[in-house]
Structures are given as structure tokens and as C-alpha cells.
Amino acid sequence: SHVRPRAMLRNIQRLRFPGLAPYARAFSSSPAADVCILLGGENKPGVVNSLLKDVVSPNGGNVGRTRMARVGGDFAVIARVLLPRDKLDSLKSDLSSTFPEYVTGVREIKAAQPAQTTVTLNFSFVGPDSFQILEKITGALLEKNADLLNVTSESSPGSHVGYDIFDTMISCALPSGTDRLKVYQEIEDIASEMGLACTLED
């Protein structure tokens, strides 16, 4: 979300929902901090609930956009949180003490830059797993000044074909005026060299 803290406060006040009143009062009495919380470690029941109950809520925080995923035996969380600025140090301390064996971080989000017109491309790749697939593809996109928006990948056993199958989806934004077909053809050539089928999704 690109809603600024003050705008969010005005929205809360305008809606006049009783349950949101404490957040409105908290943000009125203290400048708001807009932060990104990072958490990664052992996957086990209760991680998300503990993050919210023991870290975010006690510091008057409100969760916005989140991304969570399990990779192997680990679980990772990225969460955007709005909270009173005078609670920022307490939030960092509570995060570290609640998850002492996890990788943690709190990064303040800078004010959003004016939106620029971009061209969005969504690529799908599938084929034999091998070294440096993502490195080569993302490197080629970097040369096109692409901004990666979302990347997911899986490597699964392919006993029926004799090799593991690599499957990835990459969504990226390129500068306005970019020739979509030309970029796709260049990326497809790189994928083909690695034995991957490349598809441009809608």
C-alpha cells in the first residue's frame, strides 16, 4: 500500500469505527512511523500470532501489507506496520526478545516517490534445474533496468523424466516505452540456452 501515515489517520477518523479509535488516538499523540518488519527462522506453529500478539499490538502497531512463505524448514515474514514513532525502539526490542533465535530486522520505509509510468512483464520459466538460472535471468533483466516486483521459484523431483524440474515466475516493471516483445525475445533466448521454456503471461 502507498497510503501515507497521515492519510491513513484521516481515513480512520472519517470512518469513525469505534474499534479503530485507539489507533487514531495513538497516531494523533505521536508522529507515526511506517516500518517494514523482517522475520525468518524455524517454521513452527504460532510464529505469526506471536509476532502480532507479543510485538506489534503491544506497541500500538497496525499491520498493512504482508508477505509470508515457508521455504524448506524455515518460515519468513515481511510485514508493513504503522505505529507511533515513540514506540519504535520498544518494537525493535520486543522483536529481538520474542524471537532470539530468528533473523530479525526493522527498517523504516521512506516516503514513496511519485509513481512513474512503467511496463509490467510477467514471465514463467520451466525446465531442467541447473546452476545459476535465477542469476542469469535476473542479470539480463537488470541490464534492461527492470525493477523486480515478485519472484517465486520451486525445484521439484522429476523422476519421470530423469532430472529435477525448475519452475519460476518473475514479475517486473520496466521503463515506459520499453519494447515488450524485444525484451521477451531476448529473455527467451537466454532461457532457451538453459533448456527452459519461457512464457510471457498476461
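## Aromatic pairs and nonpolar cores

In this predicted model, Tyr-102 counts as buried, at 11% relative accessibility. What does Tyr-102 pair with? A search of the whole structure turns up 2 aromatic pairs, and one of them joins Tyr-102 to Phe-99 in an edge-to-face arrangement. Phe-99 is buried too, with a relative accessible area of 5%.

The other pair is made by Phe-123 and Phe-125. Their planes sit at 25 degrees, and planes under 30 degrees apart count as stacked, so that's the label this pair gets. Phe-123 is buried, at a relative accessible area of 1%, and Phe-125 is buried at 0%.

| Pair | Centre to centre | Angle between planes | Kind |
|---|---|---|---|
| Phe-99 and Tyr-102 | 5.3 Å | 65 degrees | edge-to-face |
| Phe-123 and Phe-125 | 5.8 Å | 25 degrees | stacked |

Now for the cores. The largest nonpolar core has 20 residues, and Phe-123, Phe-125, Ile-137, Leu-141 and Ile-187 are the ones that touch the most other members. Which elements each supply at least two residues of this core? They are strand 5 (118-128), helix 5 (133-143), strand 7 (165-175) and helix 6 (180-193). There's also a second, separate core of 18 residues, and Tyr-102 turns up there, along with others including Ala-33, Val-35 and Val-77.

Back to Phe-123 for a look at its neighbours. Leaving out residues up to four places away in sequence, Phe-123 touches a list of residues that includes Leu-141, Met-169, Ile-170, Val-183, Tyr-184, Ile-187 and Leu-200.

Methods
Residues are numbered from 1 along each chain as its sequence is written. This is a predicted model: local features need pLDDT of at least 70, side-chain atom pairs count only at pLDDT 80 or more; totals for chains, interfaces and linings use all residues. Side-chain values use heavy atoms; hydrogens and water are left out. Rings of Phe, Tyr and Trp (its six-membered ring) pair if their centres lie within 6.5 Å; planes under 30 degrees apart count as stacked, over 60 as edge-to-face and the rest as tilted. Buried means under 20% relative accessible area, exposed over 50%, partly exposed in between (1.4 Å probe, protein chains only). A nonpolar core is a set of buried Ala, Val, Leu, Ile, Met, Phe, Trp, Tyr and Cys residues joined through side-chain atoms within 4.5 Å. Helices (H or I, at least four residues) and strands (E, at least two) are DSSP runs, numbered from the N terminus. Contact means heavy atoms within 4.5 Å.
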